[in-house]
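Hi,

Here is the structure I promised to pass on. My notes follow below it.

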Amino acid sequence: MTEQGNTGSKPRSRTRRAVLFGGLGVVAAAAVAGRDEISRTWWLLPGVAKPRKEGEIDHAGAGWTAASPANWRMADRPDDYRVDRIVVHVTQGGFKSSVDAFKNPWHKASAHYIVRGDGHVEQMVRELDVAFHAGNRSMNERSVGIEHVGFVDRPKDFTDAMYAASARLAADICRRYDFPADRGHIVGHSEVPGADHTDPGDHWDWDRYIRMVREALAASA
């Protein structure tokens, strides 16, 4: 490509400095990717996994029901995969049917938590592990999934108790993994790249929810 107005001049070539810096950038990116891959490989070695106790929970006050191992993948987050997202879901069903679905090995999906209308929080997958909830492998690996019992077209399902309990849960997750409580890091299932879901839908009050998460985060500090 010639400079404008200088027809017939020689093509512009990259300087050695530009080539050098460009090469260093590629090397740096490769080094970071390699470091991440080595870290993940380390946590896959036999005997390296973090100790676990059956029924142990990550959020104080949550109940525990184990999802089928077919619906999640064992990991050692955040040491093998960073956690910096929360994905908000709506169950499109009742509490019992949602718990039963996540216990069913043929369901092939789960979430870390289910929040009921009365404010009860049930954990079904440890945050250490990768729940199959977002329909996107990369998002699954970096996120915690929170289901809310109800239907997207029934705003009465999103009760004050549900918002409050979910906000405390989300604030706890943001605090422990040190990421901001904002709409860049707390997203709806419908916003996940490649998602074909519509939840949490138009009746989910995002402004209220994010405000409550931030208030809970400030209170815990």
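At the start of helix 5, the backbone nitrogen of Asp207 lies within 3.4 Å of a side-chain oxygen of Asp205. Helices are DSSP runs of H or I with at least four residues, strands are runs of E with at least two, and both are numbered from the N terminus.

This is a predicted model: local features need pLDDT of at least 70, side-chain atom pairs count only at pLDDT 80 or more, and totals for chains, interfaces and linings use all residues. Residues are numbered from 1 along each chain as its sequence is written, and side-chain values use heavy atoms, without hydrogens and water.

Helix 5 covers residues 206–220.

Which residues of helix 5 are buried? Trp206, Tyr209, Ile210, Met212, Val213 and Ala216 are (under 20% relative accessible area, 1.4 Å probe, protein chains only; exposed is over 50%).

The buried residues pack against strand 3 (85–90), strand 7 (143–148), helix 4 (160–177) and strand 8 (186–188), with contact meaning heavy atoms within 4.5 Å.

Now the pocket. The largest pocket is lined by 24 residues (lining: an atom within 4 Å of a grid point; pocket: an open set on a 1 Å grid over the protein atoms alone, 1.4 Å probe, protein on both sides within 12 Å along at least five of seven lines). Val90, Thr91, His107, Glu147 and His197 lie nearest its centre. Helix 2 gives the most to the lining, with 4 residues.

Best wishes

How values were computed: The expected span of a helix is 1.5 Å times one less than its number of residues. A polar contact is a pair of N or O atoms within 3.5 Å; within protein, one must be able to donate a hydrogen and the other to accept it, and residues adjacent in sequence count only if both atoms are side-chain atoms.
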